[in-house]
Amino acid sequence: MRAVSLIMISLILIAAPLLAAAQTAPATLQVIVFPGGFNWPIWAAQDNGAFAREGLDVKLTPTPSSVFQLMNLIEGKFDIAMTAIDNLIAYDEGQGEAPVAATPDLFAFMGGDNGFLRLVVQPEISAYADLKDKELSVDALTTGYAFVLRKMLERGGLNANEVSLVRAGGVLQRWEALREKKHAGTLLITPFDILAQTQVLRVLGNAVDVLGPYQGLVGGARRSWARDNADKLVGFIRAYRSGLAWLYEPANKSSALQIMQKNVRGMTPELAAKTYDVLLAPSGGFDRQAAITMDGVRSVLLLRSEYGQPQKTLTDPMKYVDLTYYERAGRSR
């Protein structure tokens, strides 16, 4: 009996550190994002330890396109996507750019921004009329911000058959194609619009000036995954909002600019400062609480009701939003 007791004690002593390590090991979250400065709150939360304090290890994967992002999210290869809410709505409604085998079951759990969408064109283009018979690039023809571009062109006096919209991938790919003069114009997102202006490209229009309130970036996930991983999702939201709050603190500006330069290729100190003024503007920058703007979602639904195929009349923002996790993240622990 004494020998058995000694063996049991030895096993306990060996196992205890292993159990403690297992209990304290951070949970990995696979998050797929478009490359760009709109990931600043995530980078800040990684850099200042906000995710670590929530027991999370956030792994970021850049996506080349919305099709790649949404298909892999739906198939469960990623837990969370930072994406345009229009992408989530499109696939939920069977209007996505590509067919999917699994049921999408997608929803938005928090907001981000108004898209920061600018129509950027070649320097010789000075008016919408100059785009007639030209090619403009989009990520996908039926999702994301393609319908925003179509509406901006219409308001500028151009019919759909007077321009050609071509797929060119995510914002990084579109920016590179525009810089190489492959297309006459495209919608870019800050800081790519700022980079474009340094190379004599022209900003022809701002989406919110044409559309009014518009919900751009959101955090999206599968409902089934969220139900099974509620604590992780709440922790992600809490840490993301902590990253946002940290960015908006004037005392952190210098460190924030360094984070931007570290994470965006070609970002100079001057460009980082200009990006700061746009993305962290008191009005029109990141939503300080990462809230979803329902009027902005309604604008998305209006465009999708007009252009989406098969055609559907979409009116209820809450069909695509679940704020349960967001509200829980806002409560004190």
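Q: Which residues lie nearest the centre of the largest pocket?
A: They are Pro35, Leu172, Phe192, Val264 and Arg265, out of 21 residues that line the largest pocket. Strand 2 (56-62), helix 7 (171-179) and helix 8 (192-198) are the elements that each give two or more residues to this lining. Helix 7 gives the most, with four residues. The structure is a predicted model, in which local features need pLDDT of at least 70 and side-chain atom pairs pLDDT 80 or more, while totals for chains, interfaces and linings use all residues. Residues are numbered from 1 along each chain as its sequence is written, and side-chain values use heavy atoms, with hydrogens and water left out.

Q: What makes a space a pocket or a cavity?
A: On a 1 Å grid over the protein atoms alone, a cavity is a set of points where a 1.4 Å probe fits but cannot get out, whereas a pocket is an open set with protein on both sides within 12 Å along at least five of seven lines; a lining residue has an atom within 4 Å of a point. The largest pocket has a volume of about 370 Å³, and the second largest pocket has about 210 Å³. The structure holds one cavity of 30 Å³ or more, and the largest cavity has a volume of about 270 Å³. Among the 27 residues that line the largest cavity, Phe34, Ala84, Tyr145, Arg174 and Ile189 are the closest to its centre.

Q: What is the make-up of the lining of the largest pocket, by class?
A: It has eleven nonpolar, seven polar and three charged residues. Pro, Leu, Phe and Val count as nonpolar and Arg as charged. The lining of the second largest pocket has seven nonpolar, eight polar and three charged residues. Asp113, Asn114, Gly285, Asp287 and Thr293 lie nearest the centre of that second pocket, which is lined by 18 residues. Here Asp counts as charged, and Gly as polar.

Q: Why is helix 4 called oblique to helix 5?
A: The axes of helix 4 (residues 66-74) and helix 5 (residues 85-92) cross at roughly 60 degrees and come within 11 Å. Angles under 35 degrees are roughly parallel, over 145 roughly antiparallel, 65 to 115 roughly perpendicular, and the rest oblique. Helix 4 and helix 5 are therefore oblique.

Q: How do you know which residues of helix 4 and helix 5 meet?
A: Contact means heavy atoms within 4.5 Å. Ser66, Val67, Gln69, Leu70, Leu73 and Ile74 in helix 4 meet Asn87, Leu88 and Tyr91 in helix 5. This contact has six nonpolar, three polar and no charged residues.

Q: Why is helix 6 called roughly perpendicular to helix 14?
A: Helix 6 (residues 146-155) and helix 14 (residues 294-307) pack at about 80 degrees, with their axes 10 Å apart. That angle makes helix 6 roughly perpendicular to helix 14. Phe147, Val148, Arg150, Lys151 and Glu154 of helix 6 make the contact with Leu303, Arg304, Glu306 and Tyr307 of helix 14. By class, four of these residues are nonpolar, none polar and five charged.

Q: What makes helix 2 roughly perpendicular to helix 12?
A: The angle between helix 2 (residues 40-47) and helix 12 (residues 253-263) is about 110 degrees, and their axes are 10 Å apart. Helix 2 is therefore roughly perpendicular to helix 12. Trp40, Trp43, Ala44 and Asp47 of helix 2 touch Ala256, Leu257, Ile259, Met260, Lys262 and Asn263 of helix 12. The residues of this contact are seven nonpolar, one polar and two charged.

How values were computed. Axes are lines fitted to C-alpha atoms, for helices over the stretch in contact, and angles run from 0 to 180 degrees between N-to-C directions. Grid points are joined across faces, edges and corners, and a volume is the space filled by probe spheres set on the points.
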